[in-house]
Amino acid sequence: MANKPLPDDYYQRLEEIQKIDFTLVELNLYLDTHPQDLEAIKQYNTFTKKAKELRQMFEERYGPMIHFGHSYSTHPWAWIESPWPWQV
Amino acid sequence: MWLYEKKLQYPVRVSVCNPRLAKFLIEQYGGADGELSAALRYLNQRYTIPDKVIGLLTDIGTEEFAHLEMIATMVYKLTKDATPEEMKQAGLGDHYANHDGALFYHDAAGNNWTASYIQAKGDPIADLYEDIAAEEKARATYQWLINMSDDPFLNESLSFLREREIVHSQRFREAVELIKDSNTGKKIF
């Protein structure tokens, strides 16, 4: 699969995940030094839910994003089928 | 335990094969103030840092590995179609002789990465001040790299990484204040 061209939809969905994950990284680091900020924690939980949904939709189309039991696999073993990040 | 996620933190696109630019970017792969140094420094210091900032060192250290992967992707994409002659022309002949097209942890001048680049002093203020300095040095390096790069796609990714150094520096400065507060009971000097 690494050599097959990927549809625009792959890149669009991936970018949506990258955007929301960036928000989560930022909130996470902020909360590491501001652990009492309830508003930021609410935002963190809201974006976490949204990120899980986006990731699930992506994985249904393009295969697992995370290994070691955090994503389901089709047959044959899907983890090694989809392209690696430096190949796209 | 760490998990691998099959995506880059931020997209990496390059305009054309450009091994000369890759040679410079390797500074942030295996150089003194590069992403490998950063990740290994924070993830090693965290075992003996006060509890209040273990989370921050863990999370920033983990993010640094995502940055290391972005730099690797840039170098890979900039060199994967280069001929040996092009590698030589770009000043990567020494690298090619030892590694072919493989990546390796060395700086732009070819010096191998060494643990001497990083420190763990066991003193939280000393460690966090080193971390702040490391972020500022990495930020400066990204600026010098952007100044030399004529690839607009690559510069987008480099700008993202430069901004991350600023955020990390800010968070480490807050960590210093958190530790000062807990050590002194908010005494005013």
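In which sense, left-handed or right-handed, do H3(B) and H4(B) cross? The crossing of these two helices is left-handed, a term used if the near helix is turned anticlockwise from the far one by less than a right angle, with right-handed used if clockwise. The structure is a predicted model, in which local features need pLDDT of at least 70 and side-chain atom pairs count only at pLDDT 80 or more, while totals for chains, interfaces and linings use all residues. Residues are numbered from 1 along each chain as its sequence is written, chains are lettered from A and ligands numbered from 1 in the order in which they are written, and side-chain values use heavy atoms, with hydrogens and water left out.

Helix H3 of chain B spans residues 35-45; helices (H or I, at least four residues) and strands (E, at least two) are DSSP runs numbered from the N terminus. H3(B) packs against H4(B) at an angle of about 160°, and their axes lie 8 Å apart. Axes are lines fitted to C-alpha atoms, for helices over the stretch in contact, and angles run from 0 to 180 degrees between N-to-C directions. This angle makes H3(B) roughly antiparallel to H4(B); angles over 145 degrees count as such, those under 35 as roughly parallel, 65 to 115 as roughly perpendicular and the rest as oblique. Among the residues of H3(B) in this contact (heavy atoms within 4.5 Å) are B:Leu36, B:Leu40 and B:Leu43, and H4(B) contributes residues including B:Ile60, B:Phe65 and B:Leu68. By class, the contact has 11 nonpolar, five polar and two charged residues. Here Ala, Val, Leu, Ile, Met, Phe, Trp, Tyr, Cys and Pro count as nonpolar, Asp, Glu, Lys and Arg as charged, and the others, Gly among them, as polar.

H4(B) also packs with H1(A), at about 155° and with the axes 9 Å apart. H1(A) and H4(B) are therefore roughly antiparallel, and their crossing is left-handed. A:Val25, A:Asn28, A:Leu29, A:Asp32 and A:Thr33 of H1(A) meet B:Gly55, B:Leu56, B:Asp59, B:Ile60 and B:Glu63 of H4(B). Within chain A, the axes of H1(A) and H2(A) come within 9 Å and cross at roughly 155°, again in a left-handed crossing. The residues of the contact of H1(A) with H2(A) divide into 17 nonpolar, four polar and seven charged.

The largest pocket has a volume of about 1,300 Å³. On a 1 Å grid over the protein atoms alone, a pocket is an open set of points with protein on both sides within 12 Å along at least five of seven lines, a cavity is a set where a 1.4 Å probe fits but cannot get out, and lining residues have an atom within 4 Å of a point. Grid points are joined across faces, edges and corners, and a volume is the space filled by probe spheres set on the points. Of the 28 lining residues of the pocket, A:Asp21, A:Arg55, A:Ile66, B:Glu5 and B:Thr62 are the closest to its centre. H1 and H2 of chain A and H4 of chain B each supply at least two residues of this lining.

In the segment after H2 of chain A lies A:Pro76, joined to A:His75 by a cis peptide bond with omega of about -5°.
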